[in-house]
Amino acid sequence: MTIKEVLMIGNPKLREKSSDLEDFNLDFVQHLQDLKDTLTYLQETKKFGRAIAAPQIGVMKKLICYQLPKKSFYMVNPKITWKSEEMLNVWDSCYSFDIAFFVEIQRHKTIKVEYQDENGNLVFEDFSDDLSELVQHEIDHLHGILATDRLKDVKKIIMRSEWERRFRKSE
Ligand SMILES: [Zn+2]
């Protein structure tokens, strides 16, 4: 069990582009395990979040780990091959913001993604709505893009406490 330090916004490494994963070797297996362990820890401590991208733990490779309520999976070398014109407004945060604040931005409502699973098998999958915005967020990390870069109006930044007040009233 290795929990890695998460790089925070302002760290220049988060702005670098990740390279394609070519060797499914022991280093790769270790990176997947580190991502999974770190994400599990973050989900337990932050009570928020569904995925982590390798650059967030300083590994500049195209790897993403997802842990959703009903399934967990990895994406290796993902590419968005199609985006809907229809957009969604979403309140987005990030482990690299320490889930301290949220930004309201737009994401494509539906996307088509081509990626490899952890065994190197090619997968073609469509994502819509809350999964679409999540996958776009994570793939952005692989290109050095953070959710704050998508902000068109700086007034659309709110602290987590305000986000909880507005959107988690019922809980
Ligand atoms: Zn993020």
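This is a predicted model: local features need pLDDT of at least 70, side-chain atom pairs count only at pLDDT 80 or more; totals for chains, interfaces and linings use all residues.

Tutor: Residues are numbered from 1 along each chain as its sequence is written.

Student: What makes a stretch a helix or a strand?

Tutor: Both are DSSP runs, numbered from the N terminus: helices are H or I with at least four residues, and strands are E with at least two. By that rule, the chain has three helices and eight strands. Their order along the sequence is α-β-β-β-β-β-β-β-α-β-α.

Student: How do you know what span to expect for helix α1?

Tutor: The expected span is 1.5 Å times one less than the number of residues. Helix α1 (residues 26-46) has 21 residues, and its 30 Å from first C-alpha to last is close to the expected 30 Å.

Student: Which residues of α1 are buried?

Tutor: A residue is buried if 20 or more other C-beta atoms, placed from the backbone, lie within 10 Å of its own, exposed if 12 or fewer, and partly exposed in between. His 31, Asp 34, Leu 35, Thr 38, Leu 39 and Leu 42 are buried in α1. Their directions from the helix axis to the C-beta atoms fall within an arc of 130°, so these residues line one face of α1. On the face turned away sit the exposed Leu 26, Val 29, Gln 30 and Glu 44.

Student: What does Leu 35 touch?

Tutor: Contact means C-beta atoms, placed from the backbone, within 7 Å. Not counting residues up to four places away in sequence, Leu 35 touches Ile 52, Ala 54, Ile 57, Leu 63 and Cys 65.

Student: How do you know which strand pairs with β6?

Tutor: Pairing needs at least two DSSP bridges between two strands. Seven bridges join β6 (residues 110-116) to β7 (residues 122-128), and these strands run antiparallel. Glu 114, for example, has Phe 124 in β7 as its bridge partner. The two strands form a hairpin with five residues between them, and Gly 120 in the turn has a positive phi of about 90°.

Terms used: Two residues are in contact if their C-beta atoms, placed from the backbone, lie within 7 Å.
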